[in-house]
Amino acid sequence: MRYNVEYQLDHIDMPRFRKKYQDRDKFMAFCRECPRYDSLWSCPSLSFDVDKFLEPYVWINLLCAKIHLDDETIRAADTADKIKAMGWDIVSVVKLDTDDRLRKLEAQVPESLSLSSGGCNLCKNCTRKSGSPCRQPDKMRYSLDAFGFDLTAITKDVFHIDILWCKDSLPKYFTLIHGLLADKPVSEELWRTVGLHSAIALTSKTTRR
Ligand code: SF4
């Protein structure tokens, strides 16, 4: 499977971000319908006070990863099972890679914390359903969705991208939104140190199932 990833960056102060894009009642209702609700430690329901958790952070530094699929990859996914499996594989690889780079960025920005895109996929089977603690709490990061942020609106308003979904074929691109909560905007130079910088296609990879 071949694809490349184009990153875009932006930042917004948390009061404005929360006012514009957070609607916990609305999005928690969607989450409760999700088969993975209460199945991953990174996702709802959350056992802590979300307002207190977010309160220390003044800025959110946003990263949009737009994953462009090549025509051959799209053509190769010619059954519903392949569309699901290949789509999952591609998104999972980019998410893990982006999470890893963001944890490296955290190390350079004091008192920062990264947020991921979608549920944690560090382990094959999350321990949450068995009631055991998270296996990798040092690496696990909560998803933006878990706090009730409107990812469709953020993707459209901030990055001017319409989210596409798998239907009868793989889409031309996927989008992932990650964030770094911090007390200041992160400079492009700093993003660059972890290989995440804006407006260019950075990686081209082949993965095999
Ligand atoms: S690190 Fe493992 S146990 Fe923890 S949330 Fe992620 S998948 Fe679950």
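## The sheet and its covered strands

Strand β2 is mostly covered, with nine of its eleven residues buried. Here a strand is a DSSP run of E of at least two residues, a helix is a DSSP run of H or I of at least four, and both are numbered from the N terminus. A residue is called buried if 20 or more other C-beta atoms lie within 10 Å of its own, exposed if 12 or fewer do, and partly exposed in between, with C-beta atoms placed from the backbone. Keep in mind that this is a predicted model: local features need pLDDT of at least 70, side-chain atom pairs count only at pLDDT 80 or more, and totals for chains, interfaces and linings use all residues. Residues are numbered from 1 along each chain as its sequence is written.

Let's see who pairs with whom. Two strands pair if DSSP finds at least two bridges between them. β1 and β2 pair in the antiparallel sense over eleven bridges, and there you can find Val-5 opposite Ile-67 in β2. β2 also pairs with β4, again in the antiparallel sense, over ten bridges. Two places to look are Lys-66, which stands opposite Thr-175 in β4, and Ile-60, whose bridge partner in β4 is Leu-181. β4 is mostly covered too, as nine of its ten residues are buried. Finally, β3 is joined to β4 by three bridges, and these two strands run antiparallel. Ser-114 has Leu-180 in β4 as its bridge partner.

## A helix against the strands

Next, find helix α5, residues 80–108. At 1.5 Å a residue, its 29 residues should span 42 Å, and because its end C-alpha atoms are 42 Å apart, the two values agree. The expected span is 1.5 Å times one less than the number of residues in the helix.

The buried residues of α5 include Met-86, Ile-90, Val-94, Thr-98, Leu-102 and Leu-105. An α-helix has 3.6 residues a turn, so residues three or four places apart point the same way. What covers the buried residues of α5? The cover includes β1 (2–13), β2 (59–69), β3, β4 (173–182) and α7 (188–193).

## The nonpolar core

A nonpolar core is a set of buried Ala, Val, Leu, Ile, Met, Phe, Trp, Tyr and Cys residues joined through C-beta atoms within 7 Å. The largest one here has 44 residues, and those with the most contacts inside it are Tyr-7, Leu-63, Ala-65, Ile-67, Ile-90 and Val-94. β1, α1 (14–21), β2, α5 and β4 each supply at least two residues of this core. Which element gives the most to this core? It is β2, with eight residues. In soluble globular proteins, nonpolar side chains tend to be buried together.

## From Glu-111 to Leu-113

Glu-111 is in the loop between α5 and β3. It has a positive phi of about 60° although it is not a glycine. Is Glu-111 buried or exposed? Glu-111 counts as exposed because it has 12 C-beta neighbours inside 10 Å.

Leu-113 is partly exposed, with 18 other C-beta atoms within 10 Å. Leaving aside its neighbours within four places in sequence, Leu-113 is in contact with Glu-106 and Leu-181; contact means that the C-beta atoms of two residues, placed from the backbone, lie within 7 Å. Leu-113 and Asn-125 are twelve residues apart in sequence, and their C-alpha atoms are 24 Å apart in space.

## Around the ligand

The ligand is surrounded by 13 residues, and the closest are Trp-41, Cys-120, Cys-123, Cys-126 and Cys-134. A residue is near a molecule or strand if its C-beta atom, placed from the backbone, lies within 6 Å of it. By class, this shell has eight nonpolar, three polar and two charged residues. Ala, Val, Leu, Ile, Met, Phe, Trp, Tyr, Cys and Pro count as nonpolar, Asp, Glu, Lys and Arg as charged, and the others, Gly among them, as polar.

Take a look at Cys-123, in the loop between β3 and α6 (151–159). Cys-123 counts as partly exposed because it has 14 C-beta neighbours inside 10 Å. Leaving aside its neighbours within four places in sequence, Cys-123 is in contact with Arg-135 and Gln-136. Met-140 is 17 residues from Cys-123 along the chain, and their C-alpha atoms are separated by 9.9 Å.
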